[in-house]
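Please read this briefing alongside the sequence and the coordinates.

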Amino acid sequence: MDHTKMLCFIWLCIVPISDSKSIPIGMFRTECQDRHFWLAVRSNVLGYTFRFDVEDDHGVRTITGPWAAECGYTVVRDLLGDLVLRASYLACNVENQVDSEFQLLVWFVNADVHNEETSYPLLLTCPLQQPWSPREIVCEETYMEVSVLKPTPPDHQKGTEWMNPAPVSLEEGVSGWRVVFHVPVMSQEPGEARGMREETVPVEVAHLLGYRINSRGSRILLRCPYGSRLSYPVQVNGIEMELVSATVFYKHQWTLLRVDTSVACTTRKASVEGTHIVWTFPHAVSPLVQPPATDRGVRVGVGGQYLSSCMAQQRGYQVQELSGRVQIQVPFGAEGGLVKSHVIDGEYLQSYFLDLFYLQEWEDAQWSLTQQRSFRPVSVLRQPHTPRVINSTVVSEGVFSMALGLFPPDVSLVNVTVAGETVSWSKADGLGLGLSQVPFPNGSHAFLLQAPFSHPAVSQQYLGDRRRRYTLSVVFNLLVSPEAELYRHPATVETDLQDVVLPSLAGECMARGVKLLLHYGNMDTDWAVYVGGERLDWDVVQVEGYNLVAQKDQFGVDVPLYSQGMTYEGLGMEGLLVSVQLSLSHLDTGENITYRQRCLFPVQELLDGRIIVLVDTSAVSPPIDPEWTSLLNPSCRPLHTNLTRALFSFSIDTCGTIKTLKDNELSYANEVRYTPAVLPHMTPPSIHQLSFRVPVGCVHPVDGQPTLSIYESQSHTPSPASFRPRKRRALRTEGHWKRPLVRGQKMHIAETGG
């Protein structure tokens, strides 16, 4: 063994014995924890093979196998891979200095792949922080231990009894001790006992059976691994336990002493119930408690350190008594434990390691005070854990604030993906985003992303009633160390505000049409625009001759007088009354905004060279559909119709118009007829309907001076009437829609009745 590298630990202080420069900084950690030594070796310095040896006056012994459990040693690896040694103050090879200070010389032996060993001696020294109780029970991970105060006359503990004169002859010293084990006599039925029997064996035989029985200072000790030859299982309040019922007899001068060294420990492991780790044990272990008994309470500890009730409450630890059971509940990932991250098939998981123990105290008829310490290191491996999105947005500030967490130290943020763009830590500020890491007192952290509502990456959706939904969607790209596992987590936050300024509509009359104006407001997307009931698109704009004018804060549509979007409401001597309806319909909510602009075009402002005819069919019986009326040329159909009226607008030299010259006057005559389409499944029109005729015409002086002539087949006063746009038919030539209107000096208007 190479002893050239030495280290000494005395009461948690590191004192070099020889060359300490070669010892890696932070390689070892030690603590004095209540009733045992605690030593940890960092995982990053562990060699190809490694071990602990202990040394005393009798030599060196390797801590391994059953011997380690019999002698009070526990060696484990925690979740971080560190090597941990726990050694009882009453373990083999420990030097007991009058029950007030305990020393143990430990050698840590580290070997490389070539089996070259380097040994580090560590002298662990710990004082007794709290006095021993009359009886103390330890339920370790690998062994059970009970120690009682060695009685000297007179003794008032009923767990010990002086027998004078002695019923059996014993020699002085431990070698002369006897141990009586009480074990159940099993019946033929599995699991049923017919009674108890006694097995009396010398201490040497008990040692061969795996029981370490001796006297350490002022105490008598019994220790054994779980599953020893003379232990047996019992159930106490439905909790599985392992029990060793033993009595030690030993001689002190002329008197024989009998000491109860029974010990029982729960074998039930902690379980995961929802988001908590639950450890359940009996409130009173009947084989160890002799009534009447007084409960002195339960204290919980982590990592060898007891937690105050206030600290336990802050961490979410709970201790509850239910139906004779004590239940310890610890939230998964609570402070005091270690959390390790994993990524498997794109899913984020966490393992949780917690070095949990409890101290239970009671008084009973046999012992004035019993302390039972139970250690239950908890390992919950690879539990699915969905990171939580924390939305801390303050609406009044107009900034999204979303955090993803909580993560242990082994998780880091590589970048985020926002609106399809990858944003690194260094680019976030330049793109108007805030990216930071938020630490928490328990060592965990979260990643915070901030973005203004007005940021281009924030989508907006109109909900109706002036309410708008802001949505920020992001993908956090995370890295788990040291495995370099990648994990992507999408997250979305949203908020609704009633902050929408709706588009406003207006209009004005122009010389030869109507101008419609749309003021955008602050949310101008996803609105469909309708002019005269027809959705505005580029095809409609080209066909109808609309003129579009887009400005920074508004949008204009110029609607010509004789376009499809125009509605003709009335015709009289004062002129032509028209209107245009501009409508907005939201594509998602269906919300509508409507505006109608009316204009009166005086006679002198109407376009020249056209005849305008308004036919009223309300008096016709049986009734006819104005939509199926035409002029002498059947292809000349109405420009607009409603239920009883039809509006014609045509050039004076088209649609079969007959021109005659008489007495220096030009007369133009045409006729409105009923010319329905007759299909096989339709009822044929009646003779009265087919005989419908309305002559129309006007007279114009040859000298070209503008005059107005209105032909009326019956006298009536024109009244405004709303006309629906007439659907285009195959009978109407395309030229009627696209050809420019005739310009000239002639103006003719006629209104007729049927």
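Strands (E, at least two residues) and helices (H or I, at least four) are DSSP runs, numbered from the N terminus. This is a predicted model, in which local features need pLDDT of at least 70 and side-chain atom pairs count only at pLDDT 80 or more, while totals for chains, interfaces and linings use all residues. Residues are numbered from 1 along each chain as its sequence is written, and side-chain values use heavy atoms, with hydrogens and water left out.

**A loop residue**
- P292 sits in the loop that runs between β24 (276-282) and β25 (294-302).
- Because its relative accessibility is 66%, P292 counts as exposed (over 50%; buried is under 20%, partly exposed in between, with a 1.4 Å probe and protein chains only).
- Although 72 residues separate P292 from D364 in sequence, their C-alpha atoms are 5.6 Å apart.

**Strand β46 and its partners**
- Six of the seven residues of β46 (residues 554-560) are buried, so this strand is largely enclosed by the rest of the structure.
- β46 pairs (at least two DSSP bridges) in the antiparallel sense with β42 (residues 513-519) over seven bridges, and K515 stands opposite D558 in β46.
- β45 (residues 547-550) pairs with β46 in the antiparallel sense over four bridges, and the two form a hairpin with three residues between them.
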